[in-house]
Amino acid sequence: MLAGALGVGWRIWLTVHSTPNTNSDEATMGLAALHIGEGRELPIYFYGQHYMGTIEAYLAAPLVALSGPSVTALRIPNILLFASFLALMFVLVRRLFSPGLAAVTVALLALGSDRVVKNQLIAGGGYPESAPMVAGLLLLTHGLMTRRLTSPYAYAGWGLTFGLIVWNHWLPAPYLLGALAALLAARVLTRRLSAIVLAGALVGALPLVIDNLTAGFENNSVAVFLGLNNAGSGASLFDRVVGGAWFGLPMGMGLCAPSRCEGWSLWWGPVVVTLLVAAIVLAVRGLRRLRRTGDDGAERARELLRLVLAAGGLLSLLSYVRSPAAADTPIESARYLALLGIALPAALWPLWRVVRARTAWAVPAALPVCALALTMLAASVGLARQAPGYESAGRGQQQVVAALAASGYTYVHGEYWTCNWISYLSAQKTVCGVVDERLERGFNRYASYWQAQAQAVVAPAGSALDAELARRMPTATPALVGGYRIYPTPTAP
């Protein structure tokens, strides 16, 4: 488990060096944690929308209440979630595949490119907690299918985990449906146990159920999620395949440098897809063989869950490819492939079988695994080189908050990606309302923060908002702080 410990240490080092930077989405979750600690709110969903649960906010709330609002307070629970993910994946892969592949999988998952680390560390909702919850659900599924676990509490735990995932985010849907199908195929559910599972699921998903029963159709989480999934331009299928599979898969799996993929690394897209298809074929063939031999025990459970992992990864990719976001914003939207790491051992399994056989093909089969590891390592090194820039930007954010406090500003305006971190990092001593580049009311996730009049406007230097402010106030002398310009408004004292 040395590789896992190094992976956790890597993420601690990144957090200490403000890498990656916080943003207004993470600050929104921070504000929710702050409000929970104050007893002011008990939010069901991420502020400003009717889907995506707030598990991260509830986990961070005690730390935020004790230590005050900080990025570190938000990320400590996520580091612990990542550590649990590695431990769960090690046990799961060991049981479904082999101890050797379990060690290799953990070593690869311990590495972390820019995109992967953002998914694991930034408390922006839905990603850091989804991976360990899905891995835990699959491990529970295996225990129930093989009758390692027979207690009603284990079935209740399975249902509770399933329900929590449903409330939290629907991105893991392919894995959830696969785990449910595998559990049903194992025929371990009696009427009593089915009722226990259902009760656990309802408890886990209770916040979502209550809200959906009281919200109108337009605000129903199903309608909202489907609407967001289809939002965007009318991109062609070719553009979505290129952005989603050719570019998105390497980016989402941690095979690319920050915000870009080298030409050679793009070939990992079709390679991984081919390996996932091969894993599905192997699992189906294994199930057919077991059907002929009449084996209905542990080996059948392993083959079924191998199929769930491989098919879950492939269906996640296909779901992303059908979304316009794959073509419109391929770099940032690659976060929707955050759960591909769960399918990684299934993708490696066709090669690992050949390596274990120690035939003449063992060395050629090992080469892609080694190349994958080197590619992930290179992407992690690329992130380390970017850390000083992230750290500098993080200091700039703190300087802005300090400058606003020193000026006595209690209410300011700013663009979306600026506002909420001002409100959060200042412990709401300086509250920020969102405006667009024309200085009109923008998307304020926490509507109570909006006021029409502000004492100052904060704009990233060189941004469209900065240019508009300079045009409207040609005689103004804004303060340049940490890469941002602070424009006092004419009504400011």
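## A walk through the model

Start by selecting P20, which sits in the loop between helix 1 (2–16) and helix 2 (24–38). This is a predicted model. Look at the link between T19 and P20: the peptide bond there is cis, with omega at about -10°.

Next, go to helix 4 (residues 71–96) and pick out N78. Is N78 buried or exposed? Its relative accessible area is 2%, so N78 is buried. Show the side chain of N78 and find its polar atom 2.9 Å from the backbone oxygen of L121. Leaving aside neighbours within four places in sequence, the contacts of N78 are E56, Q120, L121, I122, A123 and P128.

Now move on to two loop residues. R147 is in the loop between helix 7 (130–145) and helix 8 (152–168). Phi of R147 is positive, near 60°, and R147 is not a glycine. With a relative accessible area of 51%, R147 is exposed. Then select Q428, in the loop between helix 20 (416–425) and strand 2 (431–434). Q428 also is not a glycine and has a positive phi, about 65°. Q428 is buried, with a relative accessible area of 16%.

For the last stop, color helix 9 (residues 173–185) and helix 15 (residues 298–321): they pack at an angle of about 160°, and their axes are 8 Å apart. That angle makes the two helices roughly antiparallel. Their crossing is right-handed. To see where they meet, show P174, Y175, G178, A179, A182 and A185 in helix 9, with residues of helix 15 including R300, L304 and V308.

Key: Residues numbered from 1 in each chain as written. Predicted model: local features only at pLDDT ≥ 70, side-chain atom pairs only at ≥ 80, totals over all residues. Heavy atoms only, no water. Axes fitted to C-alpha atoms, helices over the stretch in contact; angles between N-to-C directions. Helix = DSSP H or I, 4+ residues; strand = E, 2+ residues; numbered from the N terminus. Parallel < 35°, antiparallel > 145°, perpendicular 65-115°, else oblique. Left-handed = near helix turned anticlockwise from the far one by under 90°. Contact = heavy atoms within 4.5 Å. Buried < 20%, exposed > 50% of the residue type's maximum accessible area, 1.4 Å probe, protein only. Polar contact = N/O pair within 3.5 Å; in protein donor to acceptor, adjacent residues only side chain to side chain.
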